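Visitor: I would like to learn how to read helix faces, salt bridges and ring pairs in a model. Can you take me through them?

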Amino acid sequence: MQFTDYTDEELIGFLRQGADPDIVEYLMVKYKPLVLSKTRMLFLTGGERDDLIQEGMVGLFKAVRDFNPEANASFATFAGLCVERNIYQAIEKSQRLKNRPLNEAMSMSEVEDQASSKDMHLDPADIMIGKESAGVLRKKISESLSKMENQVLDMFLEGKDYREIAELTGREPKSIDNALQRIRQKVKALLNRE
């Protein structure tokens with residue numbers, strides 16, 4: 001069977017009838033440029049461009065699997081929608097997962113407030129040691145970060161997202177995202193040394 005002799009809709013119809021399974025591969029290769037064009041200007045938090053392309057290819061596979069040849073839409077239109085939907089869902093999911101530890105985390109002031117409310121049950125020496133340790137840790141973190149990273153961290157801890165920080169600092173959102181990744185790595189390294 002010469003695939004180029006048929007429309008995409010006809011090929012998917014043949015595939016549903018159990019025809020040549022190479023139709024799937026043919027359509028995946030044919031529509032990969034569509035996936036590449038949809039991912040060109042996007043990025044996945046904590047991931048690489050290849051991860052985003054892979055998500056687009058999964059969307060394309062779903063389009064091949066789910067397309068109804070009898071529908072009033074072309075396969076190309078349906079494939080574009082499926083690719084976009086899968087890519088945007090991956091981006092949204094990465095944003096939620098990226099922020100989960102921070103959303104569930106407590107600020108240093110909340111920890112100190114909780115410690116203060118429990119002060120009646122703690123030895124005063126333990127309280128002083130705990131506060132000193134928090135102060136020392138804050139200082140070590142600040143010293144290990146660049147001026148720009150400290151600025152980004154301060155804004156992030158104020159509740160600003162990376163887009164807002166990018167606007168305030170005049171940098172690209174990707175630059176801010178990279179800075180936050182570096183900050184996390186440096187803080188993690190400091191905590192592992194303690």
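This is a predicted model: local features need pLDDT of at least 70, side-chain atom pairs count only at pLDDT 80 or more; totals for chains, interfaces and linings use all residues.

Visitor: Let us begin with the helix. Which residues of H8 are buried?

Guide: Start with the general idea. An α-helix has 3.6 residues a turn, so residues three or four places apart point the same way. Now the case here. H8 covers residues 162–169, and its buried residues are Tyr162, Ile165 and Ala166. Viewed down the axis of H8, these buried residues fall within an arc of 105°, so they line one face of the helix.

Visitor: Which exposed residues does the face of H8 turned away from the buried side carry?

Guide: That face carries Glu167 and Leu168.

Visitor: What caps the N-terminal end of H8?

Guide: Aspartate 161 does. One of its side-chain oxygens lies 3.0 Å from the backbone nitrogen of arginine 163. Past the other end, just after H8, look at glycine 170. Its phi is positive, about 75°.

Visitor: Now the charged pairs. How many salt bridges are there?

Guide: The idea is simple. Side chains of opposite charge can pair when their charged atoms come close. In this model the count comes to five salt bridges.

Visitor: Which residue forms a salt bridge with aspartate 8?

Guide: Lysine 30 is the partner, with the closest N and O atoms 2.7 Å apart. Aspartate 8 sits in helix H1 (residues 8–16) and lysine 30 in helix H2 (residues 22–39), so the pair ties together parts 22 residues apart in sequence.

Visitor: Is aspartate 8 buried or exposed?

Guide: Aspartate 8 counts as buried, because its relative accessibility is 7% and the cut-off for buried is under 20%. Lysine 30, at 39% relative accessibility, counts as partly exposed.

Visitor: Where do the side chains of arginine 182 and glutamate 149 lie?

Guide: First the contact itself. Arginine 182 and glutamate 149 form a salt bridge, 2.8 Å from N to O. Arginine 182 lies in helix H9 (residues 173–193) and glutamate 149 in helix H7 (residues 147–157), so this pair ties together parts 33 residues apart in sequence. Glutamate 149 is buried at 2% relative accessibility. Arginine 182 is partly exposed at 34%.

Visitor: On to the rings. How many aromatic pairs are there?

Guide: A pair of aromatic rings is described by the distance of the centres and the angle of the planes. The count here is five aromatic pairs. Take phenylalanine 67 and phenylalanine 75: the centres are 5.5 Å apart and the planes stand at 85°, so the pair is edge-to-face. Phenylalanine 67 is buried at 3% relative accessible area. Phenylalanine 75 is buried too, at 0% relative accessibility.

Visitor: Is the pair of phenylalanine 67 and phenylalanine 78 edge-to-face or tilted?

Guide: With centres 5.6 Å apart and planes at 50°, the pair is tilted. Phenylalanine 67 lies in the loop between helix H3 (49–66) and helix H4 (75–104), while phenylalanine 78 is in H4, so the pair ties together parts eleven residues apart in sequence. Phenylalanine 78 is partly exposed, at 24% relative accessibility.

Visitor: Which residues do ring pairs link into a cluster?

Guide: Tyr31, Phe67, Phe75 and Phe78.

Conventions:
Residues are numbered from 1 along each chain as its sequence is written. Side-chain values use heavy atoms; hydrogens and water are left out. Buried means under 20% relative accessible area, exposed over 50%, partly exposed in between (1.4 Å probe, protein chains only). Helices (H or I, at least four residues) and strands (E, at least two) are DSSP runs, numbered from the N terminus. The arc is that of the directions from the helix axis to the C-beta atoms. A polar contact is a pair of N or O atoms within 3.5 Å; within protein, one must be able to donate a hydrogen and the other to accept it, and residues adjacent in sequence count only if both atoms are side-chain atoms. A salt bridge is a side-chain nitrogen of Lys or Arg within 4 Å of a carboxyl oxygen of Asp or Glu. Rings of Phe, Tyr and Trp (its six-membered ring) pair if their centres lie within 6.5 Å; planes under 30 degrees apart count as stacked, over 60 as edge-to-face and the rest as tilted.
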